[in-house]
Amino acid sequence: MEAPIRIGAVEYLNTKPLICDLETLAPNIELILEVPSRLADLLADGQLDVALIPAIEYFRAGSYTVVPDISIASRGPVLSVTLFSRLPWAGIRWVALDEGSCTSATLCQILLRRKYGIAPEIVPLPLAQAAEGSDADAVLLIGDRAMRACLPGFAHAYDLGQEWHDWTGLPFVYAVWAVREGVDLGPAEAALVESKRRGCARIGEIAHEQAPKLGLDAGFCRRYLANIIHFDLGPREQAGLHHYYMLACELGLARRGVNLEFYRSAHLAESR
């Protein structure tokens, strides 16, 4: 029996429209759910064939291709990537970054160093540690954890999607479907595309189903998925992704010389 295509995704709300009915759309798919940083490790180790990895990990690997026209992105505020701070930006000297994050952690460092001209000490915030218990000046939270957090002891809550857009005027891309070198997705490629189509058409259903599990209001979840998160990877998103990559390279946070390469099935590649 042919080995299944192992697909890795995140258990966050903003991923649900991209994995809608996924396991029923192709006969040979195994879906594995993990935190973003862990997905990148599993893909690099060959334990996954395709994964919704943090965008920065695509550039750090330098050997993947990207499934076209699918991403998790924002064109302004994102609500699920927040830097909670006791001080205004200029006063931050110590930042704890969500251990589940890669792309947003890099974005936070870019904003600190390039937009605000400061270089605070960076430490990890373990997934099991309550953010409220951190002694850091600021803590970065991502995903559902960020949307549920209030952190009343932190005077400021900076939305990093909004910070990026105000600074650059570009969308920000958080994650892409990355395909490991040598993998032929076969029917799984069409399944990923159809899953996105179905998920975007059923935002209301997804929000209604997921809200009670997250302890969030269903109306808020629907507006978040319909109006805040964008799932395309068009020219503007690609421009934002490229600009982010260039800034990450300047700070030594990504390897240089990596281009955005789109996945083509083996059959299509051979026919050209």
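I began with the length of helix 10: at 1.5 Å a residue, its 16 residues should span 22 Å, and the end C-alpha atoms lie 23 Å apart, which agrees. The expected span is 1.5 Å times one less than the number of residues. Helices here are DSSP runs of H or I with at least four residues, strands are runs of E with at least two, and both are numbered from the N terminus.

A note on the source: this is a predicted model, where local features need pLDDT of at least 70, side-chain atom pairs count only at pLDDT 80 or more, and totals for chains, interfaces and linings use all residues. Residues are numbered from 1 along each chain as its sequence is written, and side-chain values use heavy atoms, with hydrogens and water left out.

Just after helix 10, I found Gly252 with a positive phi of about 75 degrees.

Then I turned to Asp98, which sits in strand 6 (residues 94-98). Is Asp98 buried or exposed? At 2% relative accessibility, Asp98 counts as buried. I also checked its polar contacts (N or O pairs within 3.5 Å; within protein, one atom able to donate a hydrogen and the other to accept it, with sequence-adjacent residues counting only if both atoms are side-chain atoms). The Asp98 side chain reaches the backbone nitrogen of Ile142 at 3.3 Å and joins the side chain of Arg145 at 3.4 Å.

How values were computed. Buried < 20%, exposed > 50% of the residue type's maximum accessible area, 1.4 Å probe, protein only.
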